[in-house]
Amino acid sequence: MHAQDIYKKFFMDNSVVAHRGAWKTRGLPQNSIESLREAMRLGCTGSEFDVQMTADSVLVLCHDNSYFGKTIEKHTYRELAETKLSNGETIPRLEKALMEGMKQTDTRLFLEIKSSSTVERTVLSAEKIVQTVNEMGAQPWVFYISFDYETVKRIKQLVPSSAVAYLSGNVSPEQLKQDRITGLDYQYNVFKKDTGMIRNARESGLSLNVWTVNSSGDMDLFLVHGFDYITTDEPELLLSKKK
Ligand code: MG
């Protein structure tokens, strides 16, 4: 049995991963603690969020490389924290999101490691993220994802039992298996253009995740194909379909 399967039984038995938390219906800020809480309240099996490193090496949740006009890697956490999110939250630190997630076992944390301006800094940020997750004992909750293949491989080197998926869509299931990557997490058009990839991934024992699926028809398609995870901005709609 793969490590990801052992962990999977602890989380909700559906394929719904809320993209940047469940924010849309209630108008919450993306990547906020409140949007993570909402994904947990809804009973999503996963909640995705993006992690970046500030100039003073604090790990924060944010999708863009700038936060209200301030480039994250060029500003300190204190400088960034001067501007609040629209719901009054301070830009969340990774530790806070992990602590929140570890209060429960319904919803897994899909932690996207964002790339920095240099390869070296991206590696540094990835290592710091892994260290933080390990020190907090949060590993069973975390499914790492990244667009950077070197980062994906590095995480597997650092913690061979960790669950890690690759996002960019340009590595074959066979290669991912060879590199001992847990799964693929590709944009929906990659799978629509090449449905054989779904079969190959299954045969290679990889977990299957797809992003970002927001239309009802596409949800049905990937549910029929039995995807392990479907990342969506519309978790309520996908949950209403179940499996
Ligand atoms: Mg993301």
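## Briefing on a predicted model with a magnesium site

- Once neighbours within four places in sequence are set aside, Asn200 is in contact with Pro173 and Glu174.
- The C-alpha atom of Asn200 lies 27 Å from that of Leu239, a residue 39 places away along the chain.

**The magnesium site**

- The magnesium ion is coordinated by Glu48 through OE, by Asp50 through OD and by Glu112 through OE, at distances of 2.0 to 2.1 Å.
- Read along the chain, the donors of the magnesium ion follow the spacing E-x1-D-x61-E, and because Asp50 lies in strand β2 while Glu112 lies in strand β6, this pair ties together parts that are 62 residues apart in sequence.
- Asp50 and Glu112 are both buried.

**Helix α4 and its surroundings**

- Helix α4 spans residues 94–101, and its buried residues are Leu94, Ala97, Leu98, Glu100 and Gly101.
- Viewed down the axis of α4, these buried residues fall within an arc of 160°, so they line one face of the helix.
- The elements against which the buried residues of α4 pack are α2 (33–42), β2 (46–53), β3 (59–61), β6 (108–113), α5 and β7 (142–146); among these, β2 holds Asp50 and β6 holds Glu112.
- With α5, helix α4 packs at an angle of about 35°, the two axes being 11 Å apart, and the crossing of these helices is right-handed.
- On the α4 side of this contact are Leu94, Glu95, Leu98 and Met99, which meet Ile129, Thr132, Val133 and Met136 in α5; by class, the contact has six nonpolar, one polar and one charged residues.

**Helix α5 against helix α6**

- Helix α5 (residues 119–136) and helix α6 (residues 149–158) pack at an angle of about 40°, with 10 Å between their axes, and the crossing of α5 and α6 is right-handed.
- Here α5 contributes Thr122, Val123, Ala126, Glu127 and Val130, and these meet Thr151, Arg154, Ile155 and Leu158 in α6; the contact of α5 with α6 has five nonpolar, two polar and two charged residues by class.

**Helix α10**

- In helix α10, which runs over residues 216–224, the buried residues are Asp218, Met219, Phe222 and Leu223.
- Seen along the axis of α10, the buried residues fall within an arc of 135°, so they line one face of the helix.
- The buried residues of α10 pack against α8 (188–193), β10, β11 (229–232) and α11 (235–241).
- Just after α10, Gly226 takes a positive phi of about 70°.

**Leu208 in strand β10**

- Leu208 is placed in strand β10, which covers residues 207–211, and with a relative accessibility of 0% it counts as buried.
- Not counting residues up to four places away in sequence, Leu208 touches Leu184, Phe191, Ile198, Ala201, Arg202, Phe227, Asp228 and Tyr229.
- Leu208 and Asp185 are 23 residues apart along the chain, and their C-alpha atoms are separated by 6.3 Å.

**Positive phi in two loop residues**

- Asn31, found in the loop between β1 (16–18) and α2, has a phi near 60°, which is a positive value in a residue other than glycine.
- The relative accessible area of Asn31 is 3%, and this residue is therefore buried.
- Phe68, in the loop between β4 (66–67) and β5 (70–71), likewise is not a glycine but has a positive phi, of about 45°.
- Phe68 counts as exposed, with a relative accessibility of 54%, whereas Asn31 is buried.

Definitions and conventions. Residues are numbered from 1 along each chain as its sequence is written. This is a predicted model: local features need pLDDT of at least 70, side-chain atom pairs count only at pLDDT 80 or more; totals for chains, interfaces and linings use all residues. Side-chain values use heavy atoms; hydrogens and water are left out. Axes are lines fitted to C-alpha atoms, for helices over the stretch in contact, and angles run from 0 to 180 degrees between N-to-C directions. Helices (H or I, at least four residues) and strands (E, at least two) are DSSP runs, numbered from the N terminus. A crossing is left-handed if the near helix is turned anticlockwise from the far one by less than a right angle, and right-handed if clockwise. Contact means heavy atoms within 4.5 Å. Ala, Val, Leu, Ile, Met, Phe, Trp, Tyr, Cys and Pro count as nonpolar, Asp, Glu, Lys and Arg as charged, and the others, Gly among them, as polar. Buried means under 20% relative accessible area, exposed over 50%, partly exposed in between (1.4 Å probe, protein chains only). The arc is that of the directions from the helix axis to the C-beta atoms. Donors are N, O and S atoms within 2.8 Å of the metal (3.2 Å for Na, K and Ca); water is not among the atoms, so sites may look incomplete.
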